[in-house]
Amino acid sequence: MKRAWVLGLLVALLAFAAVKAEDELDVDGTVDEDLGKSRDGSRTDDEVVQREEEAIQLDGLNAAQLKEIREKSEKHAFQAEVNRMMKLIINSLYKNKEIFLRELISNASDALDKIRLLSLTNEDALASNEELTIKIKSDKEKNMLHVTDTGIGMTKEELVRNLGTIAKSGTSEFLNKMTEMQSEDQSTSELIGQFGVGFYSAFLVADKVIVTSKHNNGTQHIWESDSNQFSVIEDPRGDTLGRGTTITLVLKEEASDYLELETIKNLVKKYSQFINFPIYVWASKTETVEEPIEEDAEAAEEPEKETSEDEAEVEEEEEEDKDKPKTKKVEKTVWDWELMNDIKPIWQRPAKEVEEDEYKAFYKTFSKDNDDPLTHIHFTAEGEVTFKSILFVPTSAPRGLFDEYGSKKNDYIKLFVRRVFITDDFNDMMPKYLNFVKGVVDSDDLPLNVSRETLQQHKLLKVIRKKLVRKTLDMIKKIAEEQYNDKFWKEFGTNIKLGVIEDHSNRTRLAKLLRFQTSHSDTILSSLEQYVERMKEKQEKIYFMAGTSRKEAEASPFVERLLKKGYEVIYLTEPVDEYCIQALPEFDGKRFQNVAKEGVKFDESDKAKEKREALEKEFEPLTTWLKEKALKDKVEKAILSQRLTNSPCALVASQYGWSGNMERIMKAQAYQTGKDISTNYYASQKKTLEINPKHPLIKQMLKRVTDDAEDQTASDLATVLFETATLRSGYQLADTKAYGDRIERMLRLSMNVPLDEQIEEEPEEEPEEAADEDSEDKEEAVDGEFEEDEETTTTDKDEL
């Protein structure tokens, strides 16, 4: 028993020793396959060296030097909390991998800013290299991407401190904050910008990151990491940079697209085209050059020709040109540094210094629009948040402006922080009704999220939105009246009306921008301010009439008396117009009055009032008869009208009911099911029948009703007048067949056609089967006759 226990202990110790040895040997932390089962097990040292050369090569370093670097470099392990951080960054926080290039360029720009500021006080700061640039080079053969800047660079200590410990602001603080936010179910995507770890986004696309850096106060060093550990060593090549930093990414297999020149160019232009320092990309272009032709080649190309007398003069001229070297045009691929950010951020300059042509050129460049903008505004906002902005109104509305209105994200406002593009994926930067405005917003003091991909839901964003809306409305207000009516209102008038409905805080400002057709002019649009200026002396309300067209609104019985008395009426001809006016309770102290609803009253003298009251008493039998007998359950009441002049009657909605135009719009809604309670409530509201006491039909009806309340003709006339008024007032009839029958009855009476006279019936056609049988019988008869003729012919032949 004792011997077995000792034996077991020895086996355990051997196993532990084997695991420990394996851990010491496995530097990368990966487990290789059994080398004996693959060709790798039989490779020579030369093959290993070749494999290393194929894996990673730096300019000026061969495989032996690389091997020496790895052996002599100082190896550092990331702390446990740093490892957690790396996994979080690589796997969780960044949604879009392409932002790695933006982060590296932004870091390079910061380094250049530092050396530029240092040079203001130290003349020797730029002695080693006066150039301040960022250069990007792709190496497809080695699967590497290089980003080089001539910034301040880093010493050995700074490489270890800045790149090895993930931000001086404290990894522990970051992780604690993240844990705290996760426990409170808050988004953790708002932290990275505050802790300066954008550099590590490189590991989103790279297996290894190599940083070569040279500071004025130190020698050139190489920092290398695979995200598990990092190493630092002095560069055996010496001082190759002069000053600055080169970040080399050994890209992952799935990230090979970032080696393509077009991809690199597009990313630079998307995110970093307004960086202060020039950004160059090592790119190729095809040029046509002239090269001298060798004599042997020329002789081979030109076949022997027999010279004639006519060609003698030409040959003499050629001999004169013999002294000039003969050349040919050849297309060559030339590689050179191509500038990516030649467009300057004009919003950073004072508005007084920017020419109009510069605004137009900038707008066309960033908006991809071929037309000049209609107007623009350039301003600097100060206060809780400071930002600079340029906003543009395009000449024409973008296609599909109202497709997916409200749900479609607005990408016309581009947000920059210190000239670095952050995002244009906004739901809240501009309200929905201003979804046509294009522009840029650049702030230096906005808090960024972890990956700089989305802004925090911060109160500063609401401040920016508020200021952008105010400035946009100011910009629109300053458009010249003629240009506003002819161009802006035709393209974006619906947007302004939607703004009145949606934006309560800016409703007064938006109301001043509204334009409508009115009875004042057949062609010129009027603003509400102009309408109020033209109002009659004792006019208390702004009158409007809604319809499908101006012609329909003008012909409405509701506007007859108003137009006759010289009141101006606004014509609402678009579906959104009535919604817009309903959302606007008043303008300049004047309330709105829909002339198709109750409440239209005119200022009248005492004499006119007495006359009206006398008429009401005279026609009381008719109004009572209409309400209680002829049109019972169809109208709320019948009264004498003050608004009718030529029409016998009209159907008027209650103050809170639907007008005919609104009813038509609501019933045309695609989602309308007929089961909505509020819809049914408004639709079922009874209307008021207003009659014109001066119309001959109404007078005749009063006479008939007074003589005989049971008069059927008067009852029929009342029903027809009611249905006609329903149609003329813009409503739909509930029973169009009954209406048609009544009209026919009246036509029969007027033309002395008996009411019981029937329609002349057409003669009945024979059924198709019977017709088919008859045709078959005829065919048989014909066939029989034909056979008899044949028999007769045969007999005749026989007799002969």
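Q: Is F602 buried or exposed?
A: This is a predicted model, in which local features need pLDDT of at least 70 and side-chain atom pairs count only at pLDDT 80 or more, while totals for chains, interfaces and linings use all residues. Residues are numbered from 1 along each chain as its sequence is written, and side-chain values use heavy atoms, with hydrogens and water left out. Buried means under 20% relative accessible area, exposed over 50%, and partly exposed in between (1.4 Å probe, protein chains only). F602 has a relative accessible area of 10%, so the residue counts as buried.

Q: Which residues does F602 touch, not counting those up to four places away in sequence?
A: F602 belongs to the loop between β20 (590-594) and α20 (606-618); helices (H or I, at least four residues) and strands (E, at least two) are DSSP runs, numbered from the N terminus. Contact means heavy atoms within 4.5 Å. With residues up to four places away set aside, F602 touches R561, L562, K565, Y567, Q642 and R643.

Q: What distance separates the C-alpha atoms of F602 and Q642?
A: Q642 is one of the residues that F602 touches. Along the chain, F602 and Q642 are 40 residues apart.

Q: Which residue in β23 stands opposite V652?
A: β22 and β23 (residues 687-691) run antiparallel and are joined by 4 bridges. In β23, the residue opposite V652 is T688.

Q: What is the relative accessibility of A650?
A: A650 is found in strand β22. Leaving aside neighbours within four places in sequence, A650 is in contact with several residues, including P557, F558, L689 and A725. A650 counts as buried because its relative accessibility is 1%.

Q: How many nonpolar residues are in the contact of α21 with α24?
A: Helix α21 (residues 620-630) and helix α24 (residues 696-707) pack at about 80 degrees, with their axes 9 Å apart. That makes the two roughly perpendicular, a label for angles of 65 to 115 degrees (under 35 is roughly parallel, over 145 roughly antiparallel, the rest oblique). P621, L622, W625 and L626 in α21 meet I698, M701, L702 and V705 in α24. With Ala, Val, Leu, Ile, Met, Phe, Trp, Tyr, Cys and Pro as nonpolar, Asp, Glu, Lys and Arg as charged, and the others, Gly among them, as polar, the contact has no polar residues, no charged residues, and a nonpolar count of 8.

Q: Which residue in the turn between β12 and β13 has a positive phi?
A: Strands β12 (residues 413-417) and β13 (residues 420-423) pair in the antiparallel sense over 3 bridges. They form a hairpin with 2 residues between them. The turn residue with a positive phi, about 55 degrees, is R418.

Key. Axes are lines fitted to C-alpha atoms, for helices over the stretch in contact, and angles run from 0 to 180 degrees between N-to-C directions. Two strands pair if DSSP finds at least two bridges between them.
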